[in-house]
Amino acid sequence: MAGAFLGKYNGLVYETYMYFCENRLLSDECMRNLFYLCQDTNHMLLELGSQSGDSVFVRSFSILLLVGLVDCHLSASFLTNADILGLQKLLCRCYVLEQNLIGYDDKKGWAHIVAHGADLLAVLAQNGCIGKEEALEILDATMIKICQGKHAYIDNEPWRISQVIVSIMKRKLLSEAEWKSWLNRIQISASELYSIEWVHSRTNVDNFLRVLYFSILNLDGKNELLMEIENRMKK
C-alpha cells in the first residue's frame with residue numbers, strides 16, 4: 001500500500017524533499033545515508049524483476065530520490081567517485097532487469113520507473129568520474145529499454161531517455177563512429193512481423209528516434225548522426 005501511496009501523492013512530498021536538498025537543509029551525512037538506503041533490497045531492489053504489484057512504486061521513487069541526491073552532489077560533492085560508479089553499475093543492471101514498465105496507473109498514479117531511471121542515468125552521466133566504459137554501459141541499458149516490445153511507451157518515456165543521450169553527448173566521450181554503431185543497434189526487437197510485440201517495439205523505436213533528433217539538433221558536431229537518424233526515419 002505504501003508503494004501505491006507514492007504513485008498518487010508524490011508531488012508535494014518530492015518537491016519538499018528537493019527543497020531540502022537544494023537548500024542544503026540536510027547534512028552531508030544525512031544525504032549519504034539516504035543515498036545508500038535507497039539502493040538496498042527494501043527500496044531500489046525490492047522485488048526487482050516482478051511484472052506486477054506495488055513494489056514498482058517503491059523501486060521507482062527510490063530512484064527518483066537518488067536523482068535529487070546525485071544532482072545535489074554535482075555542486076556539493078558529498079559523495080565519492082566509488083559511490084557514483086557503484087550506483088551507475090547497479091542502476092544499469094536494474095534498468096535492464098526491470099519488467100514493470102507501466103507509466104501511469106489510473107487508480108494508483110505514477111509508477112514511471114523507465115522515466116525515473118532515465119532521469120538518474122542522465123544526471124549520473126554528468127559526473128566527471130563517468131568515462132567511456134561507463135557511458136557505453138549506460139547506452140546499452142537504454143537501448144534495451146528503447147527496443148523492448150512488451151510495453152508501448154505513452155507517458156513521455158522516449159523524451160526522458162533522449163536526455164540520457166544528450167548528457168553523454170555533451171561530455172564528448174564517444175567518437176562519431178561509436179555513436180553510429182550504437183544508433184544502428186536501435187532496432188525493432190520482435191521477430192514476428194505485425195505481432196503486438198513488433199508493433200510496440202516499432203512504436204518505441206520510431207518515437208525515440210524522433211525525439212532524439214530534436215533533442216540533439218542544436219548540439220555541435222552531430223550533423224552526421226542527425227543524417228543517420230533522418231535516413232532511419234524515412235524507412
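**Exercise 1.** Determine which residues are linked with Lys-89 in a network of salt bridges.

*Solution.* The network of salt bridges joins Lys-89, Glu-133 and Glu-137, where a salt bridge is a side-chain nitrogen of Lys or Arg within 4 Å of a carboxyl oxygen of Asp or Glu. For the pair Lys-89 and Glu-133, the closest N and O atoms are 3.8 Å apart. This pair links distant parts of the chain, since Lys-89 belongs to helix H4 (residues 81-97) and Glu-133 to helix H6 (residues 132-147), 44 residues apart; helices here are DSSP runs of H or I with at least four residues, numbered from the N terminus. The model is a predicted one, in which local features need pLDDT of at least 70 and side-chain atom pairs count only at pLDDT 80 or more, whereas totals for chains, interfaces and linings use all residues. Residues are numbered from 1 along each chain as its sequence is written, and side-chain values use heavy atoms, with hydrogens and water left out.

**Exercise 2.** Find the salt-bridge partner of Arg-185 and state which parts the pair ties together.

*Solution.* Arg-185 meets Asp-140 in a salt bridge with an N to O distance of 3.0 Å. Because Arg-185 lies in the loop between helix H8 (176-184) and helix H9 (196-216) while Asp-140 lies in helix H6, the pair ties together parts that are 45 residues apart in sequence. Arg-185 is partly exposed at 39% relative accessible area, and Asp-140 is likewise partly exposed at 29%, with partly exposed meaning the range between buried (under 20%) and exposed (over 50%) for a 1.4 Å probe and protein chains only.

**Exercise 3.** Is Lys-145 buried or exposed, and which side chain of opposite charge is nearest?

*Solution.* Lys-145, which lies in helix H6, is buried yet has no salt bridge. The nearest side chain of opposite charge is Glu-98, 7.5 Å away, given that Lys and Arg count as positive and Asp and Glu as negative, with His and the chain ends not counted. Beyond its neighbours within four places in sequence, Lys-145 has contacts (heavy atoms within 4.5 Å) that include Tyr-95, Val-96, Glu-98 and Tyr-153.

**Exercise 4.** Identify the residues that Phe-208 touches, leaving out those up to four places away in sequence.

*Solution.* Under that exclusion, Phe-208 touches Ile-146, Pro-158, Ile-161, Ser-162, Ile-165, Trp-182 and Ile-186.

Note on methods
Helix = DSSP H or I, 4+ residues; strand = E, 2+ residues; numbered from the N terminus.
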